[in-house]
Amino acid sequence: MNTCEIPPELDLHPVEAGVCSNGNWSGQGEELVSINPASSEELARVAGATPEETLNTIQDAYDSFENWKKLPAPRRGEYIRLIGEELRRFKEPLGKLVSLECGKVLSEGEGEVQEMIDIADFAVGLSRTIGGATLPSERPDHRMFEQWHPLGPVGVITAFNFPVAVWSWNALVAAICGDTIVWKPSEKTPLTAIAVQKICNRVLEPEGLAGVFNLCCGGTETGERIAADERLPLVSATGSCRMGREVAVAVAGRMGRSLLELGGNNAIIILDDADVDLALRAVLFGSLGTAGQRCTTTRRVLAQKKIFPTLAKRLTEAFESVIVGDPLDPKTLVGPLIDEEAVNTFEKAVAAARDSGGEILTGGQVIEGPGFFVQPTLIKAGSGMEIVREETFAPILYLLETDGLDEAISAQNNVRQGLSSAIFTDSVRNAERFLSVAGSDCGIANVNIGTSGAEIGGAFGGEKETGGGREAGSDSWKAYMRRQTCTINYGTELPLAQGVRFDLE
Ligand code: NAD
């Protein structure tokens, strides 16, 4: 495997400090080891935050909020525009670092940085458009309206599989809203987080605004400290459903708000009348992109009876011809899993599927190291198999046969998660039924598009155990602000609402 160096342009040498608070770097806590999953080699060691450093970073974000919130939103937007420019300048090396540290192929690594740039542009636009409604007052000579104020410092906890984009969905939008940020990245991907923090510092430090974005590398305990801290009115957490459940309880226990983006178990329904070529391409990217380590990964294909044999054959051929290997090689489509534990989880899922009656159509094996590689795996499965209802973060696709649309929708919804869903059909009637109230129960529902690769302009998120949060586009910015209903009386009377009278005789 190619063990490329950390791109020097990112200025990460030597990487030691994993905490950046108000522009000052430190790190006296537990050491985090960043591993290249394609070679199993160590990339760097990063010193995480001590409990005290975490609390001090939160305090700095809390103090910085006082100034930042008072800047007009378009001025805040201008700083985010400059960060977007810096991200454009560093797209290539940062994209490469994403590939190096989390193992996704280079075009996906650079695509992730492009997503940050897109979000920066989107946030700049938002900085001139966020606003509230004016509502009809029932009282004469009164005006009633809503306004939105900055919320406070926001905790952002992120997962390894989108090590930088998910931060940007939260941080760049929250920043134009007037909030400051404390970021706790995944302990598996501290380097990309440090690189992004440095990019932000370069823009904001000369302006005396370094405390807007703050970084706290660390493990679960650092995340727990953020979830528990009353100075953070909102904690946005992306990761497993297990993590989300813990964060939700901790934040609710102190009457804070949480914004949860958790696991998915996404299905594509393919009906007999579908365009097979289109469907195959969507399934291939959906199931094998990022080596099956996306929250939106296609984990199940629910295929109607007639089309099932064709799909099984063509998917088997496609899975066998995909190049698995070095993510930095442009020919590679599937890189490694993140670590040894992920490889073990893959093996356990394949064994569970086999033991419960699944037929391995192709794959199922771990690829000899170095690196954490596994074969793209296609399993003919039955809907009663419990493993099919789990999210296994690996390139395993379950292929299930269904009678027709109703059965397919019911099977698709019959999981605990509710993130992304798709149907392939040439029938308008079937497509509309899939999108109707009796159709998909997911936060994202696509027709003739796969489950993966959402655009940033729409609100992103899912229902049920996926956590209910919405981030990125549409009106997701509202999560980062507090709403105030205001009524102004410009008349000379004081009428009460609901016709109540309270006058002295
Ligand atoms: P993970 O749950 O192991 O860790 C995610 C983050 O949470 C890490 O930073 C971790 O340190 C932190 N954490 C763990 N336990 C915590 C606790 N008790 N309190 C506070 N913080 C805690 O997830 P992962 O393996 O890094 O990522 C994979 C998971 O993330 C998958 O389930 C995937 O579907 C999900 N994901 C969801 C989305 C989405 O938008 N819905 C996006 C990306 C990833």
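Me: Where do the bounds of the two domains in this chain lie?
Reply: Domain bounds here come from an automatic or database domain assignment, and the model to which they are applied is a predicted one. On that assignment the chain is divided into two parts, domain 2 covering 266-455, while domain 1 is written as two segments, 11-262 + 467-484.

Me: How many residues of domain 2 are in contact with domain 1, and what area is buried between domain 1 and domain 2?
Reply: The C-alpha centres of domain 1 and domain 2 lie 31 Å apart. With contact taken as heavy atoms within 4.5 Å, 21 residues of domain 1 meet 22 residues of domain 2. Carbon and sulfur atoms give 64% of the area buried between domain 1 and domain 2, which comes to about 1,800 Å².

Me: Which residue forms a salt bridge with K188?
Reply: Across the interface of domain 1 and domain 2 the rule finds 2 salt bridges, and the count of residue pairs in polar contact between these domains is 7. For the salt bridge of K188, the closest N and O atoms are 3.4 Å apart, which is within the 4 Å cut-off, and the partner is D339.

Terms used: Residues numbered from 1 in each chain as written. Predicted model: local features only at pLDDT ≥ 70, side-chain atom pairs only at ≥ 80, totals over all residues. Heavy atoms only, no water. Buried area = accessible area lost by both parts, 1.4 Å probe. Salt bridge = Lys/Arg side-chain N within 4 Å of Asp/Glu carboxyl O. Polar contact = N/O pair within 3.5 Å; in protein donor to acceptor, adjacent residues only side chain to side chain.
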